[in-house]
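Please look over the sequence and structure shown here before reading the notes on the ligand and the pockets.

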Amino acid sequence: MFVESIQLNNYRNYDSADVTFSPGVNIFYGNNAQGKTNLLEAVYLSGTSRSHRSSKDKELIRFGTEEAHIRLFFRKQELSHRLDFHLKLKKPKGIAIDGIPIKKTSELLGMLPIVFFSPEDLSMIKNGPSMRRKFLDMEMSQLDRTYLQYLTNYNHLLGERNNLLKQIAVFPQLRETLDGWDEQLIMTGEKIIEKRGTFIGQIDEMMREIHGKLTGQQEDMKVRYENNVSAEEFREALFQRRDRDIRTGTTSVGPHRDDMEFLINEVDIRRFGSQGQQRTAALALKLSEIRLIEQISGDKPILLLDDVLSELDSRRQNYLLENISDIQTMISCTGLDDFVNTRMHLDKVFYVEQGAVREYTL
Ligand SMILES: Nc1ncnc2c1ncn2[C@@H]1O[C@H](COP(=O)(O)OP(=O)(O)OP(=O)(O)O)[C@@H](O)[C@H]1O
Ligand SMILES: [Mg+2]
């Protein structure tokens, strides 16, 4: 599958733009602050319904204007599809698939699987757990709509529970009402824990293979689910910590505190890995994500590489580029040197300047 074209209107720094992609490797190069990331962001949003950097639609609308439009054509199993997004300043966005408006954004997920890789992703192993949870949630939501439903419910219930905990501290008679919320929280929480366990098991297998190749089988890589609590023990743990939760006004146990553990030769590289080990593992994780999406959904995802090549040494660059030759890729960069060095085959090169995208003949 591949994205055929995208049209932007009043999106970020674009007044209007129309870009026709190659199904292979597309390069967007240009100076800083010209609109490269904005363009990749619009593609990402088309697949996931949101930006990778902002949760607020209004930030995506060109300053001084009221609404933005994105139209994207993509091809999947020989058929062409159209996605339309209408972003408004004060109202929720409208989305249509092949001209038919959808009611829930979740209907979009999985239509156009996308993997976004940015320099921040290279710090995923070294940074705190919230980024790894976000990774899990975004990837799993693209692959499994019921996961997204459980997650949305869980987050909602968690918010309600935390509010209630704070109220109970003042009005102890409300304590009884906690049972009902906890029951629902446990039910959805258990599902999330189970699904994450399965998914991380699949990532582990895929990553072991990719990481082995990346490091010449020098290191033994493992990914483990570091759940805050197991599905079986969630009920008991939540109950035991109730008094403490009331005192602090927060829920101290549950999958909202989960993490993933990355081990090389049994050493936890989140804390003890070298910078290089952490980055290599992050690269392997991203590549695993691509292959897993392919395996589970049967579609090859679109890969967006935002400024990430210059962050990798030539050995890792080459490995990455060799391993993505079968999927559509959109790469942003400030210069073309890296490609000359890696002798990579480029299908289309675009020059981005002040919100204008021009095809550059090689
Ligand atoms: N809502 C908006 N309206 C107008 N301009 C915006 C909006 N949001 C962001 N911009 C501007 O878009 C410009 C281009 O941003 P973008 O992140 O795409 O740059 P880039 O080409 O990726 O640069 P770099 O190489 O530094 O990453 C920035 O100058 C930014 O201020
Ligand atoms: Mg950028």
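This is a predicted model: local features need pLDDT of at least 70, side-chain atom pairs count only at pLDDT 80 or more; totals for chains, interfaces and linings use all residues.

Residues are numbered from 1 along each chain as its sequence is written, chains are lettered from A and ligands numbered from 1 in the order in which they are written, and side-chain values use heavy atoms, with hydrogens and water left out.

**Ligand 1**

- There are 17 residues around ligand 1, and those that come nearest are Asn32, Ala33, Lys36, Thr37 and Ile61 (a residue is near a molecule if one of its heavy atoms lies within 4 Å of it).
- By class, this shell holds three nonpolar, eight polar and six charged residues, where Ala, Val, Leu, Ile, Met, Phe, Trp, Tyr, Cys and Pro count as nonpolar, Asp, Glu, Lys and Arg as charged, and the others, Gly among them, as polar.
- A polar side-chain atom of asparagine 32 lies 2.9 Å from an oxygen atom of ligand 1, and a polar side-chain atom of arginine 53 lies 3.5 Å from an oxygen atom of the ligand.
- From arginine 12, a backbone N or O atom lies 3.2 Å from a nitrogen atom of ligand 1.
- On its own, ligand 1 has 660 Å² of accessible area, of which the protein covers 75% (areas come from the Shrake-Rupley method with a 1.4 Å probe).

**Largest pocket**

- A pocket is an open set of points on a 1 Å grid over the protein atoms alone, where a 1.4 Å probe fits, with protein on both sides within 12 Å along at least five of seven lines, and its lining residues have an atom within 4 Å of a point.
- The largest pocket is lined by 18 residues, and Arg50, Leu109, Ser141, Leu148 and Thr152 lie nearest its centre.
- Its lining has four nonpolar, eight polar and six charged residues, and α3 gives the most to this lining, with six residues (helices are DSSP runs of H or I with at least four residues, and strands are runs of E with at least two, numbered from the N terminus).

**Second largest pocket**

- Domain 1 (1-113 + 299-362) and domain 2 (124-293) both give residues to the lining of the second largest pocket, so this pocket lies between them (domain bounds come from an automatic or database domain assignment).
- Of the 16 residues that line the second largest pocket, Tyr44, His52, Asp121, Lys134 and Lys286 are the closest to its centre.
- The largest share of this lining, five residues, comes from α2.

Technical notes:
A polar contact is a pair of N or O atoms within 3.5 Å; within protein, one must be able to donate a hydrogen and the other to accept it, and residues adjacent in sequence count only if both atoms are side-chain atoms.
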